[in-house]
Number of protein chains: 2
Amino acid sequence: MIKIAVLGYGTVGSGVVEVIGKNRDMVNKKAGEELEVKYILDLRDFPDDPYGDRVIHDFNVILEDEEIRIVCETMGGVGAAYQFTKQALSAGKSVCTSNKELVAAHGPELLALAKANRCNYLFEASVGGGIPIIRPLNYSLTAERIEAITGILNGTTNYILSKMENEGADYHTVLKEAQEKGYAERNPEADVEGHDACRKIAILSSLMTGKNVDSNKIYTEGITAIEPKDFEYARRMGMSIKLLALSREVGEKTLAMVSPFLIGGDHPLHMVNGVFNAVFVRGNMLGDSMYYGRGAGKLPTASAVVSDVIDCARHLGKVIMCFWDAEEADLMNIDEVERAFFFRVKAGEGEARARELFGDGLREVRLPGETEECGFVTQTMAELTFAERWEKLTGVTAGRRLRIEA
Amino acid sequence: MIKIAVLGYGTVGSGVVEVIGKNRDMVNKKAGEELEVKYILDLRDFPDDPYGDRVIHDFNVILEDEEIRIVCETMGGVGAAYQFTKQALSAGKSVCTSNKELVAAHGPELLALAKANRCNYLFEASVGGGIPIIRPLNYSLTAERIEAITGILNGTTNYILSKMENEGADYHTVLKEAQEKGYAERNPEADVEGHDACRKIAILSSLMTGKNVDSNKIYTEGITAIEPKDFEYARRMGMSIKLLALSREVGEKTLAMVSPFLIGGDHPLHMVNGVFNAVFVRGNMLGDSMYYGRGAGKLPTASAVVSDVIDCARHLGKVIMCFWDAEEADLMNIDEVERAFFFRVKAGEGEARARELFGDGLREVRLPGETEECGFVTQTMAELTFAERWEKLTGVTAGRRLRIEA
């Protein structure tokens, strides 16, 4: 029997206990041994919970109990979670986590600590919720040089954008509804400003490059400025608007960014709607592959944590391969990135100045019956070049500019 | 250094050698040791090939060379490939294969043989080409009870159906073109009659149930009877026609089948076009997830074989988890399966008799300007019930019947 401790009895933590309980036969068969949740660490008590008798308040009980071989860190944050993870790994206890913030901030250090203590730090649940993506990158696409990763990595923003697209509703109305339904947090900033997607692409970029991609250095733009009219133009062009987190190799450098993008109707990410997530991976031999599923939610996320627990159980005393060095990856300045852009200007003056600034390469996009404004798609150009010209349109613009993902 | 032998220097075999060569740094890093192709077994000689000096004609050289720890079986078929695989595994050499026919026919026996000899029999490339699906099922979705797998598992038929859909062309014209382009074999029977997809779903079903699903017992229907007019009706209903291979748990039994299906525009498999493949998996905790990519082709398939080689290299002397017993799974008779059907009848007499036989539940589907015939969608009903009524429409039908995947 292998004994486990769960840190934090919130949504994911209670899900972990539920998955191990409900799928007991399957989990034990795959683990090769019986798994038992011995402790649940939380500040609160849960007297009416069937597992209430396992709730403790002192982490040292877990740390000092040699029976505990695997710890699930489902607390979140980079404070106590960081300290507990370091202590557990130093004591040779493997840690499985859903905490993307901690993995993004201290991944290489915690992986090195695990290795030094012949145990494992696994984080399948930190990206894409229940979608297997960390393990496919680490164990399946091993014969590939990964050239690009493009993901819809945040369910809240994808839900909001899908809803805006389908109902023509504005951002604030949809956000409020999402908050009421529990799909968005009361303080939605981490989601809608792109910080959550940023941490996740930092993790995927690090695994792609084998070096550390610092999430603080990733250009990040959220969805708060997207308007219903943007979706009208998108539909007109047979496109959709998605918050994409992307990472790609450009020469010796790595481009990583998070931003809303227009994507075409034939792009596989186009059909990823609502709370679903997907990760699109391009390898130099395999070409394109995609991993799709529920990117959040209690049981999907818990299922991913438990798959890590099973992996740890099968590798007690052995270190599972993961290449993520502390060496900083060389990130590309996004000013140099070349792509096409969409923008909206006021009819008349705006149109005239846009044509003058951008020349012949502009493609006009008009909405039926719309006389106040007009949209344009540019040729492929550097971000900086576009930004300089866009700046010159101040006063005659009619909305935001959007990047286009080819 | 770990030495490898490749059996069969055809498309996939030469791809394996190419992937190991081109991605040498990555492959060796992931394998934890340098990999070297020492022998290539083929009946032919390749004097002008850069690896021509490694080509041999006698399998015993490989078998008797203790340096060879891993063998890639990329010959295909169930004759020599079966004998060589058994001999290699008996000698404690791991075998990695793309040979779905052999895996489907002798999987449990070969897995047991590998286990007894403390080596591994891996077959990631046997299903979905380069798409990681075997490893995600075996290592990632370990906390799940898998309830259903639905796949587009054959690139040739998906290419033909996509082309028929987009161009309104008939089956024979598109098949001929696919043969000229090399997307279909000169003898296309294994693909177009569904046998290839059948072997692949037999493998996935076996991994899903942990028991052996005999491909010979799987109901299999191909695409040769699909007509351009079927696509007109499909479009009218916002649907598409795909050759689906599916497996699901129904009570204590397993339903496995291969057949063309109408699927709705909001189903994620709807967007899987051309030579792409995808596998849709439903777990009891995770819900739906999907794995998408190139289901065939030299380098994608070879990449999957090499990922298996890397896995073997990292587990020399250890047995990698795979649950696929020799015990036969209890397959459900498809007569009992309940679903909705689409069918076409002649206008007038056919319509009248259809309404009489199927009653109020029928939904009519009319093509604009079509006066000769009419389509109907039934309510959910058992296959056998539908078949009995369909039989009674003999003489007034206007085309095939199609199953509908909800």
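In chain A, 16 residues of domain 2 are in contact with eleven residues of domain 3, where contact means that C-beta atoms, placed from the backbone, lie within 7 Å. This is a predicted model: local features need pLDDT of at least 70, side-chain atom pairs count only at pLDDT 80 or more, and totals for chains, interfaces and linings use all residues. Residues are numbered from 1 along each chain as its sequence is written, while chains are lettered from A and ligands numbered from 1 in the order in which they are written.

**Domains 2 and 3 of chain A**
- The domain assignment of chain A gives domain 1 (2-129 + 298-314), domain 2 (134-294) and domain 3 (335-405); such bounds come from an automatic or database assignment.
- Taken over C-alpha atoms, the centres of domain 2 and domain 3 of chain A are 23 Å apart.
- On the domain 2 side of this contact, helix H11 (228-236), strand E9 (239-250) and strand E10 (253-264) of chain A each supply at least two residues. Helices (H or I, at least four residues) and strands (E, at least two) are DSSP runs, numbered from the N terminus.
- E10(A) gives the largest share of that side, with six residues.
- Sorted by class, that side has ten nonpolar, one polar and five charged residues. Ala, Val, Leu, Ile, Met, Phe, Trp, Tyr, Cys and Pro count as nonpolar, Asp, Glu, Lys and Arg as charged, and the others, Gly among them, as polar.

**Where chain A meets chain B**
- Here 42 residues of chain A are in contact with 41 residues of chain B.
- H12(A) brings the largest share of the chain A side, nine residues.
- E12(A) and E12(B) run antiparallel and are joined by five bridges; strands pair if DSSP finds at least two bridges between them.
- Met290(A) has Tyr292(B) as its bridge partner in E12(B).

**The six-stranded sheet of chain A**
- Six strands make an open sheet with parallel pairing, in the order E3-E2-E1-E4-E5-E6.
- Its edge strands, E3 (55-56) and E6 (121-122), each pair on one side only.
- Strand E5 (residues 94-97) of chain A pairs with E6(A) in the parallel sense over two bridges, and Val95(A) stands opposite Tyr121(A) in E6(A).

How values were computed: Two residues are in contact if their C-beta atoms, placed from the backbone, lie within 7 Å.
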